[in-house]
Amino acid sequence: MNLLKVTLISSVILSVATGGSAKEDPYQKYIDTYSAMAIEQQNAHGIPASITLAQGLLESAAGRSTLATKGNNHFGIKCHSEWEGDTLLRNDDAANECFRVYATAAESFDDHSRFLLRKRYSRLFDLDPSDYAAWAKGLRSCGYATDPNYATRLITIIERYSLYLYDSEAGRRAEEGAGFIHSMLLATHPVRRSRGLHCVIAAPGDTYASIAKELGIDKKKLMKYNDAEKDGEIKPWEEVYLEEKRTEAPEGISRAVIGDGESVHSIAQRYGMKLAAVMALNPKAKDRPGTTLRLR
């Protein structure tokens, strides 16, 4: 089946699901706003536009994070020794870490490309630019982020919003001819594995009830697996486990810092740990950004 036919079929599915028109969400708006910048960076440097967009969406919470709104930093790039521009302190892997500040979003996109052109990421450019999964896994293995599930989140976002269309001329023509649409994965959640545990990645607007209904599993059991006391909207791109989590962190992970917009529960989900196990190691821990949690 050719790309245009897939796009048209997906468009029909989306139209039926939404009553004829796609409901705009912050993530779609971000894509509409910054896709041209991502394509420009791909043409100039060979970084897949889908990867740039997915990283921007994830790192900046679709342009709504403090780093993005106050510092035009869409990719969570830290200062490092060579940075001589303005800075902003935020909680990330440690408390009060230094992040770069840009005058415009375009400067952030440019600097993101320059950042990936460093020797540390050189092997990424040996990959096929159309292989977004390999690029996502390569970014994680090269150390772009400490999150063990970083690649899975990027792949989920790319597939959820059909960002791979932006990686080729054929895809862009199909997008222009049919209008931007979500992929046929719009209403599905591929089951993935994290630390040997089966899980799905929550998309914006997901609840435990909606995921349980889609996958045909018991909602109460799903909530128990994920330490959820009540149902409600799940944090976008967070793991939802389909079986019991572990009692300790992955090998080599002994501590984690609660970042901005995170909680003790967020950390437990990221590392596939039972919340009770995290709290047993940190009995006085509060959901306060900058708090260091023991995980072993």
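Which strands form the open sheet, and in what order? Three strands form it, in the order β3-β4-β5, with antiparallel pairing. The model is predicted: local features need pLDDT of at least 70, side-chain atom pairs count only at pLDDT 80 or more, and totals for chains, interfaces and linings use all residues. Residues are numbered from 1 along each chain as its sequence is written, and side-chain values use heavy atoms, with hydrogens and water left out.

**Sheet**
- Strands (E, at least two residues) and helices (H or I, at least four) are DSSP runs, numbered from the N terminus; two strands pair if DSSP finds at least two bridges between them.
- β3 and β5 stand at the edges with a single partner strand each, so one side of each has no neighbour in the sheet.
- From one strand to the next, the twist averages 55°.
- Three antiparallel bridges pair β4 with β5, and V200 has V240 in β5 as its bridge partner.

**Helix α7**
- Ten of the eleven residues of α7 (residues 150-160) are buried, meaning under 20% relative accessible area with a 1.4 Å probe, protein chains only.
- Among the buried residues are Y150, R153, E159 and R160.
- Their cover includes α3 (49-60), α6 (132-141) and α11 (264-270), along with β3, β4 and β5.
- S162, which follows α7, has a positive phi, near 50°.

**Confidence**
- pLDDT, the predictor's confidence in each residue from 0 to 100, averages 87 over the protein.
- Among the elements, α1 (residues 3-18) has the lowest mean pLDDT (41) and α5 (residues 105-116) the highest (98).

Conventions. Buried < 20%, exposed > 50% of the residue type's maximum accessible area, 1.4 Å probe, protein only. Contact = heavy atoms within 4.5 Å. Axes fitted to C-alpha atoms, helices over the stretch in contact; angles between N-to-C directions.
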